[in-house]
Amino acid sequence: MAFPTRAGSLPVHQFAAVHPFPAIPAIAALFFLLFSTACRQQSDYLGKVEPPPENVFRFINSAEPEYLDPGMITANTDERIASLMFEGLLKKDPKTLEPVAGIATRWDRSGDGLTYTFHLRGDVLWSDGRRVTAHDFVYSWTRVLDPKTASPFSSIVYPIRNGERFNKGEIDDPAQLGVRAPDDHTLVVELESPLPYFLHLASYFTFYPVPRWVVEEYGDKWTRPENVVGNGAFLLTEHRINDRIVLERNPRYYDAEKVRLDRIIAYPVVDVYTAVNLYEAGYVDWVVDNSVPPEFIPYMKDRYRDFSSHPQVASYFYSFNVTRPPLDNRLVRQALSMAIDRRSLTDDLLRGGQIPGPNFVPLGLLDYESPPGLEYNPARAAELLAEAGYPNGEGFPEMEVTFNTLAMHRKVAETIQQMWARNLNISVRLHNEEWAAYLKSRQNLEHDIARAGWIADFPDPAAFLDLMETGNANNDSGWSNEAYDRLMAASRMETDPVRRYELLRQAEAIVMEEIPVMPLYTYGINSLKKPYVRGIHLNAMDLHPLTEVCIDRGWRERTGPEDGACD
């Protein structure tokens, strides 16, 4: 899943003008106010800790979502909202993220692991009162795979029998897909091969059901508040672009009595200083990862109980457009990678718990060990560039590094620009784009080098390695390798977990040799959460189902963990 590091927030003065908040200090004064005031108060928490007067949860969502349509989503900025509006066969346990009963109360798996039968609840309604049935899932999964939909995540549904062939137009009869509904409450799913993480996929947003009659009536406007129909715990009632998203409790949700909040408000704020200022002033209750200024992190780690920092199963990397010279030359890509001092990036620049490393699959996946990657070696990098025909950088064309709006991305790009100038004597331009434009330029291969990040969609190396297959909608490098594709295909057919991981290691070794992407580090998660917020639990995938969040007004008297469940 792509990162929620998107553009779209208003400048500080404009943000204050359109929100019912007192005037917000200018960013120039923020650093002084934030730290001098906090130091004088000697509080264990950053800023105000009084719960909001209403039963509402307010958070910084990093940026304006691109889509709220589950079939089109690619980033967890969007997923945080969509997971409140829709629910799949299974959902994620808020603490463990293991798949648990959702719309399906139970499920059976055949002995060969190829067929799953899900048994659906009979009391689940869409927000317009219609009943949710197994046929809604057949329609929704088929829609994602339909080439006309152009879903950027269609490949995640390829494990369904004939899913890839249907998506690529090799067959056009949806009845040949491995998903059918023998009745309203039974969904039968047939896979191409046994998949150890299929139940995780069944809880994933791409597999959510969508209301066919609404989609067909309103087209790409079907997720607007005045049109949308959902089956989740909350209803979208207001969406002001680049301002706020408001969701209200859904009275028709089958588990509505367990929902503790009346309202959730998400603010798309990309400026990290504005985000922390709003939090410190008590206007928001949670600041998500990537929205804390890097220079604040070392101080916050040792000072505030409401700040948390831990590793994430996520990779930060640069994608090379291998269809453009000189990036079509493997030696050039290797030189660029070996000229980067990753430890300096993480330890001296970012200082947010990131773990430097040259591997595409990040640390944190149980029992998987990546093959060796290209480590920092500026002397060897210069030799490789000379072998490619550019001794001491002579004749090397000026290229462009594209990144989306976020202070951290600019700082990383500027540092890498300096490293390439110092170690290879080459010059690159920096190009900042707003999120939607940035996504399109990447997908259309309109970039030279583009910043990218990916969170594990499920706890498996394939969550990352699938991206580099030929034809994957999220392969923004233009790279294609037959040997790599064969290894990935073989891994899907392999039932022995040891042998399967070996095939995946061989595949990653090809990526590390060819370098269509330049991995930089494993992410660290840095966030702020008010002590009265319960039901958000730390985890390495940075996924937080918000349906069990509550506002604990008696938090000062509690003795349990601050991320504990609501009473």
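## Largest pocket

The largest pocket has a volume of about 580 Å³. On a 1 Å grid over the protein atoms alone, a pocket is an open set of points with protein on both sides within 12 Å along at least five of seven lines, and lining residues have an atom within 4 Å of a point. Volume here is the space filled by probe spheres set on the points, which are joined across faces, edges and corners. The lining holds 31 residues, and Ser 155, Tyr 158, Glu 164, Glu 469 and Arg 492 are the closest to the pocket centre.

Three helices, H5 (163-167), H15 (462-465) and H16 (482-493), each give at least two residues to this lining. H16 provides the largest share, with four residues. By class, the lining has 14 nonpolar, eight polar and nine charged residues (nonpolar: Ala, Val, Leu, Ile, Met, Phe, Trp, Tyr, Cys and Pro; charged: Asp, Glu, Lys and Arg; polar: the others, Gly among them).

## Basis of the model

The model is predicted; local features need pLDDT of at least 70, side-chain atom pairs count only at pLDDT 80 or more, and totals for chains, interfaces and linings use all residues. Residues are numbered from 1 along each chain as its sequence is written, and side-chain values use heavy atoms, with hydrogens and water left out.

## Largest cavity

Four cavities of 30 Å³ or more are found in a search of the whole structure; a cavity is a set of grid points where a 1.4 Å probe fits but cannot get out. The largest cavity contains about 110 Å³ of space. Its lining consists of 13 residues, with Asn 290, Val 292, Pro 294, Ile 297 and Met 408 nearest the centre.

Helix H13 (407-424) and strand E17 (517-529) each contribute at least two residues to the lining of the largest cavity. That lining comprises eight nonpolar residues, four polar and one charged.

## Overall fold

The chain contains 17 helices and 19 strands, taken as DSSP runs (helices H or I, at least four residues; strands E, at least two) numbered from the N terminus. Its C-alpha trace spans about 70 × 65 × 40 Å along the principal axes. The radius of gyration is 24 Å, which agrees with the value near 24 Å for a compact globule of 567 residues; the radius is taken over C-alpha atoms, and the globule rule is 2.2 Å times the number of residues to the power 0.38.

Of the 567 residues, 61% count as buried (under 20% relative accessible area, 1.4 Å probe, protein chains only). The chain exposes about 21,600 Å², 49% of it supplied by carbon and sulfur atoms; the areas come from the Shrake-Rupley method with a 1.4 Å probe. Among contacts with a separation of 6 or more, 71% join residues 24 or more positions apart, a contact being heavy atoms within 4.5 Å.

Definitions and conventions: Buried < 20%, exposed > 50% of the residue type's maximum accessible area, 1.4 Å probe, protein only.
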